[in-house]
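Please load the model in your viewer and keep the selection panel at hand.

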Amino acid sequence: MDHPRVSNDEMLSRIVRFDQLQGRGIPLMFIDSVLPSHQRMNFALIGDTASENTEFSPIISAPHRFQIGMVKARPGNGPAYHTHDYVESFLVLSGRWRFYWGNDPDPAAFEGESMLEQWDYISLPPGVWRGFEVAADEAEEAWIFAVLEEHEAFTSKDPYWSSQIIEQAAEYGFHADESGKMIKPDNYDEIRSQLLAEMDGGR
């Protein structure tokens, strides 16, 4: 093997402590995050994961051939119906999560669903529309771990949202441009602070 030597300091920089992670949550990583039933905290561990909000950076910035994130949500909350041009997969860390999917962008036309429990894993192929949420009858917030196929950020729409979600987000002043970047309303800071307070600052 012919690899460069790795220092102890570099190895320590490649550790993500859970306490460190919790203070790095983004409550408005996507335009749907402002909507009731879709509010959640997103965390970027490695790579750009998926985001419409440019005000975040992964904790581990060294290049990888994959991207890692985590999501925390309250019962009945989770990402709205959307799709990506790359593989997106999830491991349930706590609670129960309902996943639903289909080939039509209309969320009412979803074709299948499954309830995933702790340690269950799901891999979602490119182009399949999907949504997921913490089961409504769960007693407390739950966590999920995300592994995404490597992809370029802010080069095109990402995610693709159902038209209903785009319209609902627009009512709150949230839009995404053609490069996939969030266009924020004038009261963005106020909304962000409110959501952070409701989710205990990501803790």
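How many salt bridges does a search of the whole structure find? The search finds eleven, a salt bridge being a side-chain nitrogen of Lys or Arg within 4 Å of a carboxyl oxygen of Asp or Glu. Before selecting any of them, note that this is a predicted model, in which local features need pLDDT of at least 70 and side-chain atom pairs count only at pLDDT 80 or more, while totals for chains, interfaces and linings use all residues. Residues are numbered from 1 along each chain as its sequence is written, and side-chain values use heavy atoms, with hydrogens and water left out.

**Charged pairs**

Select Arg192 and Glu55 to begin with, whose side chains meet in a salt bridge with an N to O distance of 2.6 Å. Arg192 lies in helix 4 (residues 188-198) and Glu55 in the loop between strand 1 and strand 2, so this pair ties together parts that are 137 residues apart in sequence; helices (H or I, at least four residues) and strands (E, at least two) are DSSP runs, numbered from the N terminus. Arg192 is partly exposed, with a relative accessible area of 21%, and Glu55 is partly exposed as well, at 31%, where buried means under 20% relative accessible area, exposed over 50%, and partly exposed in between (1.4 Å probe, protein chains only).

Next, select Lys72 and Glu141, whose salt bridge spans 3.9 Å from N to O. Because Lys72 lies in strand 2 and Glu141 in the loop between strand 8 (129-134) and strand 9, the pair ties together parts that are 69 residues apart in sequence. Is Lys72 buried or exposed? With a relative accessibility of 1%, Lys72 counts as buried, whereas Glu141 is partly exposed at 34%.

Strand 4 and strand 9 pair in the antiparallel sense over five bridges, and if you select Val92, you will find its bridge partner, Ile144, in strand 9.

**Enclosed and open space**

The largest cavity holds about 190 Å³ of space. On a 1 Å grid over the protein atoms alone, a cavity is a set of points where a 1.4 Å probe fits but cannot get out, and a pocket is an open set with protein on both sides within 12 Å along at least five of seven lines; lining residues have an atom within 4 Å of a point. Select Phe30, Asn42, Ala50, Val71 and Glu88, which lie nearest the centre of this cavity among its 20 lining residues. Strand 1 (40-46), strand 2 (66-73), strand 4 (88-92) and strand 9 (142-149) each supply at least two residues of that lining.

Finally, turn to the largest pocket, with about 170 Å³ of space. Its lining has 14 residues, and those closest to its centre are Gly47, Asp48, Pro63, His64 and Gln67.

Conventions. Points joined across faces, edges and corners; volume = space filled by probe spheres on them. Pairing = 2+ DSSP bridges.
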